Amino acid sequence: MTLRDMALEKMRAAIIAGHFQSGDRLVERPLCDQLGVSRSVVRETIRYLEAEGLVEILPNKGPIVAKLDWENAQQIYEIRMLLETSAAQKCAELAKDGDKKKLGKALAQLKLAYSSGETNDLFEATTLFYQYIFEISGQNVAWEVVQRLNGRISRLRAMTLGTRDRHDAGYKRIEKIFSAIDTNDPQAAAAAIQLHLTEAANIAKTLLTAELSKSEK
């Protein structure tokens, strides 16, 4: 792993976990000191994060952590709803015994991550579970689209999982998605995805709306 890769991983994780808040300025010198890298590496890292939608470059101000509001979050959930519903349905239609076994192992890994409470492990396990769904469904282009949104998806996931109800319900909803695929039931797979994402979107809307109201006072 290169210095840039390590810096990118650390910065991405810090933004997703909320160590850097929306609108925070990203100043080169402190970042160099914190990450132990040169200014050129910090600049390159910021460019990558901008491409992922986690950083914005403002005229005369420089890079800041991208603002997360409900208007943008809603679009992300709508895109996920379309792509993940389609992938889950197709996956349930096509999944063979070997596919189900692979997806079952990913689910077991996800359960361990939920139990451990380690944020990075949870995000990696969740991403792997969904990756297998898209691979089994053969929807590789759709997965590329999801990957481009993955930084912002993870940021929303970190926010919603911070609530106790969602942390407890999140794994159960994903378990239902697996169960529908395991029984080759496309309609149940679609319904499970839609319930999972609708609940997450509602929590995100509540939190982001409250945050906006607080900032306007």
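Biologist: What makes the link between the side chains of glutamine 139 and serine 86 a polar contact?

Modeller: A polar contact is a pair of N or O atoms within 3.5 Å; within protein, one must be able to donate a hydrogen and the other to accept it, and residues adjacent in sequence count only if both atoms are side-chain atoms. The side chains of glutamine 139 and serine 86 are joined at 3.1 Å, so the pair meets the cut-off of 3.5 Å. Bear in mind that this is a predicted model, where local features need pLDDT of at least 70, side-chain atom pairs count only at pLDDT 80 or more, and totals for chains, interfaces and linings use all residues. Side-chain values use heavy atoms, with hydrogens and water left out, and residues are numbered from 1 along each chain as its sequence is written.

Biologist: Where is glutamine 139 placed, then?

Modeller: Glutamine 139 sits in the loop between helix 6 (119-137) and helix 7 (140-148); helices are DSSP runs of H or I with at least four residues, strands are runs of E with at least two, and both are numbered from the N terminus. Beyond neighbours within four places in sequence, glutamine 139 is in contact with Leu83, Ser86, Ala87, Lys90 and Phe134, where contact means heavy atoms within 4.5 Å.

Biologist: Why is the meeting of glutamate 28 and arginine 39 called a salt bridge?

Modeller: The term asks for a side-chain nitrogen of Lys or Arg within 4 Å of a carboxyl oxygen of Asp or Glu. For glutamate 28 and arginine 39 the N to O distance is 3.7 Å, so the pair qualifies under the 4 Å limit. Glutamate 28 belongs to helix 2 (residues 28-35) and arginine 39 to helix 3 (residues 39-51), 11 residues apart. The whole structure holds 10 salt bridges.

Biologist: How many salt bridges are counted between domain 1 and domain 2?

Modeller: The count there is 0, while 2 residue pairs are in polar contact, both at pLDDT 80 or more. The domains, 3-65 and 70-216, have bounds from an automatic or database domain assignment. They bury about 690 Å² between them, 56% of it on carbon and sulfur atoms; that is the accessible area (1.4 Å probe) lost on being put together, summed over both. In domain 1, Ile16, Glu52 and Leu54 lose the most area, together 59% of what that side buries.

Biologist: What makes strand 1 and strand 2 a pair?

Modeller: Pairing requires that DSSP finds at least two bridges. Strand 1 (residues 55-58) and strand 2 (residues 62-65) have 4, in the antiparallel sense, so they count as paired. Isoleucine 57, for instance, has proline 63 in strand 2 as its bridge partner.

Key
Buried area = accessible area lost by both parts, 1.4 Å probe.
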